[in-house]
Amino acid sequence: MKPIKLVISGIGPYGDRMPEIDFQSFDLNMPILIAGETGAGKTMIFDAICFALFDAASGSYRSTDSLRSEYAPPGTESYVEFTFAHQGRTYRIYRQPSYMRPLKRGTGFKLEKEKAVLYPGDDTPIEGIKAVNQAVQELIHVDEKQFKQLAMIAQGEFWGLLNAKTEERTGILRHIFMTEGYKAMELQLRERRGKAIKAADVLERSLIQYFCDAEAEPGSPLAEEISQLQEQLRKSGGIGSIEEMLSLLDRAIEADVPMEAELAEKLAALREALQELQKDLALAENTEHNLKKYNGLVKELAGLRERLADCEKREQQLAEAEKALQEKIRSLQSGREQLSSVPERLAACQQEINALRELADRLGSLQSQQVPRYGRAKKRLAELQEGLESAQSAHAAAMRARLDGEMQLERNRAGILAQKLVAGQPCPVCGAIMHPSPAELLEKAVTEADVKKLQQQEKKAEAARSSAAAEAAAARAELATLDSQIGSYMLECLKSGCWLEAVARGEAFAMEIPAEAGLRQLYELVQLQAGQLAALLQKKRESAADLQGRAKRLQQVEKELAEASGRDTEALQLKRQKLLKERENAKTAVADREGQRQLLEQLALKIGTGGNSGNDGNDGNDGNDGNGGSREAELAEYRGQLQRKISENKVQQQECQEALGRISRRRENNLSRRAKIAGLQGEFAAARHEAHILGRLHDLVSGQTGKGKLTLEQYIQAAGFDSIIRAANRRLIPMSDGQYKLYRQEKELGNKSHTYLDLEVLDNYTGRRRPVRNLSGGESFKASLSLALGLSDKVSSELGGISMDALFIDEGFGTLDKKSIEKAMEILLKLSDSNKLVAIISHREELIEAVSQQIQVTKTRNGSSLAIELGK
């Protein structure tokens, strides 16, 4: 990363937008000095760069929420814009802190929120605080703290760079030497080892579970052996010998084969015996069934004969019901014929009612709307006529007043001229020199303004008269139109009314209305007609109500007739069909049962006394007297004996079946478990071998093979850090006149691997090593500067790592004497030869004199300002 441009506006002591700092305009073969008195804002340049990159100030005592300058005018924005180059591309960052600014209108303040935008060349800008922070981190591969250790030695913090712990340096060196892969390798090996161990454990638990599910005949010596091994596996959780498990399973499987064959043979014998018992039971049940069936047939025949008699009785009742239904149908048909004309009469009456109602509505509209409207128009015409007469009178009065005023004005003009006449001087009007009767002024003088006012009043009165005349003419025209419309409407209503009335009386229409009849005469006829129309409408409504009642009766008659002719008739027919079918079924059943009874007798069934089988079934014998009852008892006892034997046989079969199923399931289970154990045997051995190999690799990479715990990543970082220390010593040795040399701690590792990147210093004057924290302030600055330069060299030489082409040193020279400053400057000049930007902030006179290109910071009452001197 190399700075290109920096713009500061309204930040820290800089109250306004400062001139752009163009780092490319400086000679990079020389250091840049940022000079100025204490408190002027020199360090704020570094703060601005750190804020732009990481949203943080370079010093630990500063915070971003205090960056707004107290000298900034209300209209000045607070922001930092930083442009830098990195790996051949140019980037620009705009970052604004949050601050309160006065409102542009009114009083009060408004919060300006924090903003950040990263412009990566021609690519799409990245906006947002989190997004920009993440993008910068991914770009330069360091965070804010690591950046300060690599590129900045901030005021009061150079001691931290030198005394950083191993954990702090590990993050930087991981990017420099690209050791993330070794750390990832360690994590991946640990993960793969864990997975392999877990897979082996799962397989081992599965093998143990499979064997623990194995069984043998309870109480046998083999069952005891299997149980002992199962208990041993459960307690230890580990497998000793898979071959032993397979051998026991083979013995258990072979032991179950003869027991399974013996039980199968016994079960077959029981099933054969059950078949014989079931045949005997079926024969006994059939004999018993035939006996019961014969007795039932005798009773059933008696019931069927009773059903035949009941069918004949119901058939007679059905005939009487059919006769009554036919009489009802004839009566309903007669009533329907009498009411058949009702719908047509009702429709005609309804039409007349609708016509009468329509005429009534028209007469009502005439009386309620049109006649009152005519009255209002007539009244308005009278009012407008009165207004017109009043306007005409006002206009005549105004005209007379105007004429009188004009006459008085002329007379006043003669009187005014007569007052100026002098005897012997000619009159300006007639030229006479004698003035015997001069005109006199009137008592009431009239001016031209008064005459103009009277003229305006006359015009206003004339306009009012014209407007009133126009309104009156319009009202007369409207009244004439209404007169014609209402007269025509009345004539139409009267003619319609006369026609309806004549129709209602059954007479021909022959009414004559005089053509010269006026509105009043027509209106009287209309009122008379309206009364007659109301009476006629009421009469028609009464007739319609009577016809509606008759129409409802007609509907009821038709409904009853339809039901009697349809549903009721069909129901009687269905009853007759059902009754006929029931009678036929009863006859068929009697014949069938009689045939069955005769068949049972032919089979020589022993019933009744002496086995008489010649009864015809009509003598009431039910077969339960004499030997019939004894025969049924014997059959019931024999059937019970057979059923008990069958139940005993089934219990024996179930017991045998359960034992056979138990042995078969056990043998199948043992076969399945043996197959699964044999199938997993090779997979388990491979998993164990893989876990062993991965475990050894992980121990090697993670540093767990001996006493020490130095990982592979730590080893590579330590070797790389040694090269950084060598580069640092090339500066420190001449800078300290050969007194000091840096070393990495090389004590026995043991459990101290977290100190493998800690530093110590060799004092060649005493020949002893000591921790770097024991160095004085000036010595610490020299050592930290050397370390920073060595780290910078190493960064630049590592491809793909961190690229840092800038180094900023803030006030560290204050602890050095003049000779040390000269040696430090020699080293910095050599460093600048490598095209690296080196910037120093200091107020030391020695540096101001030695460094020609400077950024001068001047402190004033209105804030600080910047001035750039490029030198010679």
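This is a predicted model: local features need pLDDT of at least 70, side-chain atom pairs count only at pLDDT 80 or more; totals for chains, interfaces and linings use all residues.
Local features were taken at pLDDT of at least 70 and side-chain atom pairs at pLDDT 80 or more, whereas totals for chains, interfaces and linings use all residues. Residues are numbered from 1 along each chain as its sequence is written, and side-chain values use heavy atoms, with hydrogens and water left out.

The protein has 16 helices and 18 strands, these being DSSP runs numbered from the N terminus (helices: H or I, at least four residues; strands: E, at least two). Of its 872 residues, 40% are buried; buried denotes under 20% relative accessible area, exposed over 50% and partly exposed in between, with a 1.4 Å probe and protein chains only. Contacts are defined by heavy atoms within 4.5 Å. Among contacts between residues at least 6 apart in sequence, 72% join residues at least 24 apart.

Strands E12, E13 and E14 form, in that order, an open sheet with antiparallel pairing; two strands pair if DSSP finds at least two bridges between them. Strands E12 (740-744) and E14 (768-771) stand at the edges with a single partner strand each, so one side of each has no neighbour in the sheet. On average, neighbouring strands are turned by 35° against each other, direction ignored. Strand E13 (residues 759-763) is joined to E14 by four bridges, and Leu762 stands opposite Arg769 in E14.

Helix H13 (residues 712-735) lies across E12 and E13 and runs at about 175° to E12. Axes here are lines fitted to C-alpha atoms, for helices over the stretch in contact, and angles run from 0 to 180 degrees between N-to-C directions. H13 also packs with helix H6 (residues 180-212), at an angle of about 165° and with the axes 8 Å apart. H6 is therefore roughly antiparallel to H13, a term for angles over 145 degrees. The crossing of H6 past H13 is right-handed, meaning that the near helix is turned clockwise from the far one by less than a right angle. At this contact, Glu180, Tyr182, Lys183 and Met185 in H6 meet Leu712, Glu713 and Ile716 in H13.

Helix H1 (residues 43-54) has twelve residues and reaches 16 Å from its first C-alpha to its last, close to the expected 16 Å at 1.5 Å a residue; the expected span is 1.5 Å times one less than the number of residues. Twelve of the twelve residues of H1 are buried, among them Met44, Ile45, Phe46, Asp47 and Cys50. Asp55, which follows H1, has a positive phi near 60°.

Conventions
Angles under 35 degrees count as roughly parallel, over 145 as roughly antiparallel, 65 to 115 as roughly perpendicular and the rest as oblique.
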